[in-house]
Amino acid sequence: KLQLWHNGCLAEVARDEALLQGVLMRTKETPNSSELVTYAPFTLFPSPFPKAAFLQALAVQTHYNTLVDRISQDTEFLLQALASTIEVDDFSARLFKIHQQILNEGGSRSIVLGLNRSDYMLDKRGDQPPSLKQIEINTIAASFGGLSSRTPDVHRRVLKMADRLEESQHILDNNPAAGLAKAIAKAWELYGSERAVVMFFVEEVQRNVFDQRCIERELWKRNIPTFRKRFDDICKTIRLDQDKRLFVGGNEIAVVYFRNGYMPQNYFSEQCWEARLTMERSMAVKCPDIVSHLVGTKKVQQVLAKPGVLERFFPDQPQVVEQIRATFTGLYSLDMGPEGDRTIAMALAEPDRFVLKPQREGGGNNIYGSEIIQVLEKVKDSSERMAYILMDKINPAPVQNYLLRRDAPLAVSSCVSELGVFGAYVRQGKDLLMNECVGHLLRTKSSEHSDGGVAAGVAVLDNPLLV
């Protein structure tokens, strides 16, 4: 039983332990300075998570890596999948235009590096055991592989103090930062120049810098040089030499690791788009390259759920198809025509059963409940509706926990959790040289919040306690 007097003391120790372990963020008051930092928000206790569903998510990750990689090589499929989206969504259209330009120039993909995170929730229906359902796959700037490497020891300490020694021994080791860095290091080695650096391409506002520093640190352990650049810096000094080698600020770039560039507002000037094109045209390894970025769109996710589509990518592997498909929930097209009309009628009749998703990353973009009706009534007769997909709403069973946030009172909350699984792969030409599941991330939020992650200020970091 959770007792508040004891938990007040536990929370104090937990916060200090988080600071000791480096579970850190910059403050919202000074997001670009490390003079003042705070702990990244986290749960006081690890949250229970069914062992079977957890292992299922880990086991399917290398297949998701393969799927992303194979779609990225299927030009015809991607064009068909995104045809309606690029008609009405300017951001997707600009990305696609760069993709087509690279194709027309003969491509620049001899080395491919993918760092993905596939996100799931548990769907609980009636008396059935909860089933694992995918929310999305992130192919660009998948965060918290660093800080989630630091949280297990925090929860071990809390459980020991709470006289739950046996449970403390069941908190899993987890080090996504090392696995993500291993893949970046492999790509750097294949590039073949010891002078060349790994460029972390970062946002203007960098509260989550320590998450990235964990990966930088792993690379420096391997004597691989890294530096951090924002769009501003890149636009001023980016250039290609005659061999299409990429230089920024006089340094040759072996790998561009994108932690920026996934939202329209990241491109604040035409120079930003020109810089993205220059990076894509270069010999540098891009993580992700433009085509893998496009594979992560919601529209591609919806098309993959249609009957027979996964078989295109795994023609002789029915078990793999089954494993991936088992994680799909209902996904529906809003394209013009009878199928899209049926989707709209279904959503308007029972909006609480669904989530309406635009083609956006970064959390906080999805539309729920009565808002679905407002949006669909506005766009249902125009092609604008093709910028969205509809998805079945996943219904997780809530659990009780305390969410520790700076300046927030300690109170028990009804919470739901989301499991992310990190994948890393490296391909050179036709040879897949690395394809691994490299760790996990559990994020938990109050069940009153529909949408949003840790960086968006809604969810907090957590660890699974397998049951």
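This is a predicted model: local features need pLDDT of at least 70, side-chain atom pairs count only at pLDDT 80 or more; totals for chains, interfaces and linings use all residues.
Residues are numbered from 1 along each chain as its sequence is written, and side-chain values use heavy atoms, with hydrogens and water left out.

Q301 lies in helix 12, residues 298–304; helices (H or I, at least four residues) and strands (E, at least two) are DSSP runs, numbered from the N terminus. Leaving aside residues up to four places away in sequence, Q301 touches Q134, I135, E136, L331 and K357, a contact being heavy atoms within 4.5 Å.

Four strands form an open sheet in the order 13-16-14-15, with antiparallel pairing, and two strands count as paired if DSSP finds at least two bridges between them. At the edges are strand 13 (331–333) and strand 15 (367–368), each of which pairs on one side only. Strand 13 pairs with strand 16, residues 388–392, in the antiparallel sense over three bridges, and S333 has I389 of strand 16 as its bridge partner. Helix 15, residues 338–349, packs on this sheet and touches strand 13, strand 14 (354–358) and strand 16, its direction making about 125° with that of strand 13; axes here are lines fitted to C-alpha atoms, for helices over the stretch in contact, and angles run from 0 to 180 degrees between N-to-C directions.

Let me turn to helix packing. Helix 3 (residues 75–88) and helix 4 (residues 90–104) pack at an angle of about 145°, with their axes 8 Å apart, and among the residues making the contact are L78 and L82 of helix 3 and F96 and L103 of helix 4. Helix 4 also packs with helix 10, at an angle of about 35° and with the axes 10 Å apart; here F91, R94, L95, I98, Q101 and I102 in helix 4 meet E270, W273, R276, L277, E280 and R281 in helix 10.

Helix 10 itself, residues 270–281, has twelve residues, and its buried residues include C272, W273, R276 and L277.

Key:
The expected span of a helix is 1.5 Å times one less than its number of residues. Buried means under 20% relative accessible area, exposed over 50%, partly exposed in between (1.4 Å probe, protein chains only).
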